[in-house]
Amino acid sequence: MGAFSDEVFAIVRKIPRGRVSTYGQVARLMGRPRSARYVGWALRANEEPVKTPCHRVVFKDGRLAEGYAFGGEGVQRRLLEEEGVAFLDDGRVDMEACLWRPDEALPCRPDDIDWAREMGDA
């Protein structure tokens, strides 16, 4: 893998169990805010899915990856559920409850989060 992929993997390895990140958030943490699609491509080529938990990266609206590359349909959701990630009735991850905040020291409280900034809409 190249330097870009290595940087993606290093960030994704920091996402704790029970939390998710977004492709855009990973790209922003890398200092490459317009590279979300490339983050997805790097994760799809991940050769160590146990070491690099790419199942913890979802779309900014909480949707899961279609055709999850490591086990097929339903595997990403099962892995996240096993870690305690909450889902909404429509099948999306509950981003208010589960979005990873790299600077959080304690479990997040949704009322403390500037969601527009965190989701890249600000």
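## Ring pairs and a buried glutamate

The structure holds two aromatic pairs. In one of them, Tyr-23 and Phe-59 have ring centres 5.2 Å apart and planes at 55°, so this pair is tilted. Keep in mind that you're looking at a predicted model. Here's a tour, starting with the overall picture and then going through the side chains.

**The chain as a whole**

- The protein chain has six helices and two strands, and if you read along the sequence, the pattern goes α-β-α-α-β-α-α-α.
- There are 122 residues in the protein chain, and 39% of them count as buried.
- Take the contacts in the protein chain with a separation of 6 or more: 59% of them come from residues 24 or more positions apart.

**How confident is the prediction?**

- The average pLDDT for the protein chain is 85, and 84% of the residues score at least 70.
- Residues 106-113 are a stretch to treat with care, as pLDDT stays under 50 there.
- For that stretch, the model has 10 contacts beyond four places in sequence.

- Tyr-23 has a relative accessible area of 14%, and because the cut-off for buried is under 20%, Tyr-23 counts as buried.
- Phe-59, at 31%, is partly exposed, because partly exposed covers the values between the buried cut-off and the exposed one, which is over 50%.

**The edge-to-face pair: Tyr-38 and Trp-41**

- Tyr-38 and Trp-41 form an aromatic pair with 5.1 Å from centre to centre and 80° between the planes, an edge-to-face arrangement.
- Why is 80° called edge-to-face? Because planes over 60 degrees apart count that way.
- Both residues belong to helix H3 (residues 36-44), and because they are three residues apart, about one helical turn separates them.
- Tyr-38 is partly exposed, with a relative accessible area of 46%, whereas Trp-41 counts as exposed at 53%.

**A charge over another ring**

- Arg-77 lies over the face of Phe-87, at 4.1 Å from the ring centre.

**Glu-83, a charged residue tucked away**

- You'll find Glu-83 in the loop between helix H4 (75-82) and helix H5 (95-98).
- Is Glu-83 buried or exposed? Its relative accessibility is 14%, so Glu-83 counts as buried.
- What does the side chain of Glu-83 reach? It gets to the backbone nitrogen of Gly-18, at 3.4 Å.
- Leaving out residues up to four places away in sequence, Glu-83 touches Arg-17, Gly-18, His-55 and Arg-56.

**Cysteines**

- How many disulfides are there? The count comes to zero, and a disulfide here would need a pair of cysteine sulfur atoms within 2.5 Å.
- Cys-54 is buried, with a relative accessible area of 5%.
- Cys-98 counts as buried as well, at 3% relative accessibility.

Technical notes: Residues are numbered from 1 along each chain as its sequence is written. Side-chain values use heavy atoms; hydrogens and water are left out. Helices (H or I, at least four residues) and strands (E, at least two) are DSSP runs, numbered from the N terminus. Buried means under 20% relative accessible area, exposed over 50%, partly exposed in between (1.4 Å probe, protein chains only). A polar contact is a pair of N or O atoms within 3.5 Å; within protein, one must be able to donate a hydrogen and the other to accept it, and residues adjacent in sequence count only if both atoms are side-chain atoms. Contact means heavy atoms within 4.5 Å. Rings of Phe, Tyr and Trp (its six-membered ring) pair if their centres lie within 6.5 Å; planes under 30 degrees apart count as stacked, over 60 as edge-to-face and the rest as tilted. A charge sits over a ring if NZ of Lys or CZ of Arg is within 6 Å of the ring centre and within 35 degrees of the ring normal. pLDDT is the predictor's confidence in each residue, from 0 to 100.
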